[in-house]
Each structure stands twice: as C-alpha cells, then as structure tokens.
Amino acid sequence: MKKILCLVIMICILGAIIAGCSGGQSTQVTENKLKIAYYAFISEPYIDFDPSVEYSNGIIVLHNIYETLTRYDVNTGKIEPLLAEEWTSNEDGTVWTFRIRKDVKFHDGAELNAEAVKKSIERTMDLQMGAAYIWDCVDEIKVKDDYTVEFVLSYPAPLDLIASAGYAAFIISPNAVDKDSAWFNEGNAAGTGPYKVQQVTKGEEVILAKFDDYWRGWKDNQYDRVIIKKIPESSSRRQLVEKGEAQITSGLSVTDIKALRENPSVNVIEGTSWTNIIGFFNTEKKPLDNADFRRALCYAFPYDEVVNDIKEGMAYKSVGLIPRGLWGHDDNLMQYETDLQKAEEYLKKSGVNPEGLKLELTFTSGTEELRNMAQLYQVNLKKLGIELQIQEMNWDNVWEKSKNSKPEDRQDILFMQWWPDYASPMSWLYSLVHSEEDILFNLSYIKDENLDAMIEEADMLSATDRAEAEKLVIEVQKEVLDKAYFIHAYDDKSVWAADAGFKGFKPNPAYEGVVFFYDTYYE
Amino acid sequence: MDSRIYNLMEIIRPRVKEVGFSFYLLKKNKLTLAAFYVIVALFVLAILAPYIVPYPSHISDEANVANKLLPPSGEYLFGTDELGRDIFSRVIYGIRISLTTAILAVGLAIIIGVPLGAIAGTIGGWVDEVIMRITDIFLSFPPLLLAIAIVSIVGSSLNNAIIAIALSWWPWYTRLVRGQAVSLKERKFIQAAEAIGTSKWKIIFSHVVPNTISPVIVQASMDMGGVILTIASLSFLGLGAQAPTPEWGLMINTSRNYFLNAWWYSIFPGLAIFITVLAFNLLGDGFREIMDPKTRKR
C-alpha cells in the first residue's frame, strides 16, 4: 500500500516538473509587437566603443550605428556611395573631392555636413589608435562648401576605397566628436546609421533600436530592435538558431553546420570571405631562421586534409598570401603541397638535426578547426622526428608572447586569421610582410628592405596604375613563398546560419562578421 | 638459523597472518571484493594496453580524419574521435595514464606528508607547531582550487598537474600520521627505545613510521579515486594533459564540441572515469572497515 502511495506521489511530482518545463516555454514574446533581430556572436560584441579606436569585433555593432562615406558593395564588387553621393580625384590620385549627402541626420539631431566629416576623420587621425594608419596618406582636409570636402594627400592613394574601410572610417556627430574615448565607452554613440544604442553591457551584449529619422527611410518588415550577444559555444549558438530564438549566427563548427543543413527552418548562408589562416614562423630564432628548414615544415603541413576533412569543403586551399576574390590574388603562384618526402629532403638540406627538436605552436583557443589542424600537423611532424607542442591560449597571451623583446622567448609557429581593413591586398603586405619597428602583426618578423620597397611602390601605384601594382603584389608573394615565411593554411569561406524567416542578408567580405541589419527583413 | 633471519621471520609471520585474515574479511565483503577485482582488471589492462588495443598507432602517431566521428561499430568499438582515431584504444590507454599519474601523485603526497607528520608528532614542541600551522594553511584551500592555482603558475602539463595535486594533498597525510605518532609516543616500546638512548630519527623512521602504515594505506586507497577525478578535472580545464595524450578528462573536454552529434565520444571516457573512481572509493571504504579494529572484532 505504502509503495503504491509512493508511486502516486512520484508521478505527481514528475508531472508537475514536466508541466513546469513546458509552462516556461509558452511565455514567448508576443507577436505583432516589436520585431527583434538577435545576432548570436562568438565573442565580445565590442572591445572599445569609440569608433575612432575600435580595431576588433566592434565593427559588427558600429556599422549599424555609424556610417562611412562609401561602402564596398558585395554584389557589384565596387565602392558605392553612402554618406558621400559622389567623388572625383585628380589625375595622379592626390586630391580627392567628396560631395556629401544632404538631409542626413545624426541620432542626436545634428545635420551631416562637410564640417562633420572633416572633424570625424581628423579625430581618428589625431588619436592615432586602431586602424588610424589608413589615413596616413592624408595631408589636409579642406571644407570647400557646406557639402563638399576635399582631401589633399601627400602621396597617391585610393581614397574612395579607404573611406569604405571597416575600421576607423566612421562619421561621428559634431556634438560627440570632441568627446574623449571614456564618453563613448560609457555606452554613448551618435552616428547617422539606421540603429541607435539602447543598452550596452560591455563584454556581453548590445541592444540597438531603430532610428526613426534614418535618411534611407523604413519599410514595414524591417527589424525594430537588434540584439547582439556573446555566445561563445558553437553548440549553444546552434541551439539558439534551431529554436528560433536567435535570427542569425556565424562561426559555427563544421559538425554543427552539417547538422543545420538538414534543418528546414534554418538557412545556411555561404559567402566569400577574405579571411585566411596563416602560420607564422619565428624567423629570428634557430632553427627557423633557416629557409630550407622552413620549406621542410611547409611541405609537412596537411593542406588537403585540412580543407577536405576538417573544414569539409568550407574552405579553399590557399594560393599565395592574398585570398581569392581580391586583386593581387594569382592562382598560378607556386603552392606547397603535403609531401613528406620533399620535407625530408629539405630537412637534410637544411642541416638541422630534428632529434630532440621541440617546436612550440600557439593559437587562440576555442576554435575547434584550428585545434584539429594543429593536431594533424603534430602527427606529420612527428614522422619527421620533430615534436610539436601545441599551446592554446587567449589571443591576448598569444599576442603578448609573440611581441616578446627576446626572439628566443617567443613561440616558434603561430596560427592566426587575417582579414583586410579595407578591400585591398595592401593590408596583408603592409601588416604581415613589411618590416615593423615595434612588432604588431609582422609575426614572422620579416625584415627585408627589398620587399619593403616593393610593397611601398605597390601601395603608391594602387591608386593610379592598378595593373602595375598588381604585378608588384604578385612579385612580393613569389618572394614570400620562396623564402617560406608562412604556412598558407587555407582561405576561409564565410558560413552563416540564419532563421528561415530572416531575409536580405548577404555576407560582405570587406566587413568581416558584420550584419547590416538595415538590409535585412522578416518574412 | 641465523638470528637475524629468525627475527625477520618473527616480524613477517604475524604480518602474513594479518594479510591472510584481511583477505578473508575482504572476501566476506562482496562489494569491496568486486571493486578489488575491477581494480586488478584495470591494472592488467593498463599493463597489457599496447598488446590488446586494436589501434595502438592511434594514440599519438596517426590520425585519419577521413574516418572522423564514426559511431560505435565492430571495427571501432567505441566509435572514432574528431581526428578519426579509435576511442576504444584511447580509453584503454587512458587507464595507464590515470593510474600512473594517480599513483605518482598519491605517492608523492605520502613521501612529503608522512615524514612531516611523524616528525611533528614525535618531536612535538615548536617543530610540531610550525609544521601543523603550515599544514593548516594548505588545508584551508579546497584541493582542486589549490591545484589549479599551482598549475596556472608553473604552466600546464601532466607532470605539473601531478606535482600540483601532491602539493595540495600531502597535509591530509601529515595530519593523519601526526595523530598516530602522538598516541604511539605514549606506548611502552617507544618509551623503551627512548630510555636506551635511541636517536630521535631512528625512533621516527624505524618505529613510528612503520606503525602508521595501515591507516596511510587506507587513506591512500580512498584518495586514489579523488586524485583520478582531480587529474581528469584539471585536464578537462586544459591545465593537465595536453593533446594528443589520451587522457580521459582531456577527451571529454574535446568531445564537448561534438556532443550533439557524437554521444559516444563523451560517454565512454566518462564511463571509464566513473568505473575507476567508484571502484577505488568502494575499495577504500572496504579497507577502512577491514583495518578498523572495531569492525574486526565482530
């Protein structure tokens, strides 16, 4: 009798628990109220909220709050007008005149005019933080009339392209432009973009609200609110999209993408990306200062396995330093293949004794594909007798170690992804190959005057003689490949998962990770 | 018969009897006996691992990504992991790693802890005060937290994890042995040794330490489970074993990314930890009962 009573009570409790669970689900956001787009993002939505300073994830938020003079259009592959209606330059690309759009309002009510443009860009140039270097060519900014602004350059540069940069090219309201970074980091912002800031929690989430006076106007089926929130685990982001709670996410693991492709309520969106994964050799440390030894390491890397089996086709094999789709990329460049015999030959040629040799590999923790890639590489190198020690660390620590003043205390190999600041190959050449006084991103520590000269010349030519510049860019890559400064692991594809009702999104490789929510709508 | 050998026999004979009696008690306690057999089996598997696993090369020399994340089948008993390696082979090899690291860690803790406890208990006075206050400081940290702190300072590797665990575990032995030593000090044979002028050190190491062995063994066998769990936890947090070591905690950590699609990847290393830790805990409990004079009389 007692047992039966016990059973009955148990069933009652169980029932209550189950009912409780489903009860929680039914309290969903009521329909027909505000339409919310929720972007589950892999990392912190921003690092610095100052649009002149931010040189990291923050562009995914800032591009919805602020706008730039021009924008790279993924459909046409050209630079299209945004806050500037049209622009001209003189013959040799040293004077650029932009005509600014009229009747554009900032979130704080101020009007956009030439003065605001001048002040915004001068603020970024004066602060010299983040990607401010893109304006290095600018000598003077002149306000010609209320809606015309003229840039005088000290050397030729493609300023229309630079003005479309993902970083450091935002136009800020005249009321905010004199404020310091601290003011912005309190969660304040004033741009011309379609969304204004509603709530900011640093390191966690950003909530944006529709800006009613936006100059391009609004349609009924656009989103009223945008939530960008940090969800670091791939499986959690996948579940959010599967349940329909999040509208869009990216950076999913290959296994999660594969599972989502089967799901009819989720769209997997693929697009070009200008991100590639590069391995940097510490060329200032023995035995990696030996080019033959580096070639041996390049031949031991599992290129095809990474692309076919780890990325499962969601990547391309890299050819050269510049990813496909950007000018300067050349499919005919020599590329290292996985060939352990050749690796063995070069190892012999280098005279390096692999016995007891330990190489330290560092990369940012959390990316499953990189971890698997490193482990495959470890297996291959073991066959050459070299022990690879894999160190997964936070990006801060990886970077800190790579900038150590003593070359012996730095890592041996570092894997990192790189994407351009604006749609140009110069970002790779200047940041990764050109010699640096203080180490920033030239993490192979290349110091080659010949290469420096070629890069500088290519940069000058890029505004006026694109074909000649392209030739030089290819020459630089030939030299870099010959010296085996890098492991060119793979060019990434940009893969997103979005709710089936979330329309109008197309990944734009010039703005990595950015969703221009104004372009999206629900169905 | 040489008198020394005779003496030795005198010492050994009752011990042998004791062991025989203990084994008799062990046999009576079914659960402990089962745990004992499981542990014996684990040791056998660990020793024979290279000969019995189907894919010994999958431990660190080979990867075959084309076969990644295959479900359990005749070919791969426990399925394969993200690099196409046989999980069965790796789990079996994992026994080796878990057992050796646990034995090393506990052994190291005993080597540090027992002499300190014996010295503190026998000598007493300010020596006792100093040693016991230091132990108190170590005891005030939760063992896992202390181990994490130590590993974060010295860098993450399996060896450092062993050292870190030993450093956070020794105070328990010091305390245990000190208690024993204090009560032994009052016993006639120690007082007799003192009376004939035996040096302190000789008393500590030939009279006190041997007589504290049985509680230490009980404590050690109970700790094994906890230590295995701690090593797995450290590896899970990325602070212990590093890839490609087939350590259970590390395997579970990697498997998290695939859990929704490949249940087998986390389940089998998890089961391995579960069975091993449970067996050691049951054995430890059983040992305590057997060695406790109160239960013996019954």
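## About the model

This is a predicted model, in which local features need pLDDT of at least 70 and side-chain atom pairs count only at pLDDT 80 or more, while totals for chains, interfaces and linings use all residues. Residues are numbered from 1 along each chain as its sequence is written, and chains are lettered from A and ligands numbered from 1 in the order in which they are written.

## Chain B: helices throughout

Let us start with chain B, which has 12 helices and zero strands. Helices (H or I, at least four residues) and strands (E, at least two) are DSSP runs, numbered from the N terminus. The C-alpha trace of chain B spans about 75 × 45 × 35 Å along its principal axes.

Of the 298 residues in chain B, 43% are buried; a residue is buried if 20 or more other C-beta atoms, placed from the backbone, lie within 10 Å of its own. Among contacts in chain B with a separation of 6 or more, 71% link residues 24 or more positions apart. Contact means that the C-beta atoms of two residues, placed from the backbone, lie within 7 Å.

## A sheet in chain A

In chain A, four strands form an open, antiparallel sheet in the order S4-S5-S7-S6; strands pair if DSSP finds at least two bridges between them. Strand S4 (84-89) and strand S6 (138-145) of chain A stand at the edges with a single partner strand each, so one side of each has no neighbour in the sheet. From one strand to the next, the twist averages 20°.

S4(A) is joined to strand S5 (residues 95-100) of chain A by five bridges, and Glu86(A) stands opposite Arg99(A) in S5(A).

## Two nonpolar cores

A nonpolar core is a set of buried Ala, Val, Leu, Ile, Met, Phe, Trp, Tyr and Cys residues joined through C-beta atoms within 7 Å. The largest has 84 residues, and Tyr39(A) and Val226(A) touch the most other members. Apart from this core lies another, of 75 residues, including Val114(B) and Tyr258(B).

## Where the chains meet

How many residues of chain A are in contact with chain B? There are 17, and they are in contact with 17 residues of chain B. On the chain A side, helix H11 (368-383) is one of the elements that supply at least two residues. H11(A) gives the largest share, seven residues.

Definitions and conventions:
Buried ≥ 20, exposed ≤ 12 C-beta atoms within 10 Å, placed from the backbone. Axes fitted to C-alpha atoms, helices over the stretch in contact; angles between N-to-C directions.
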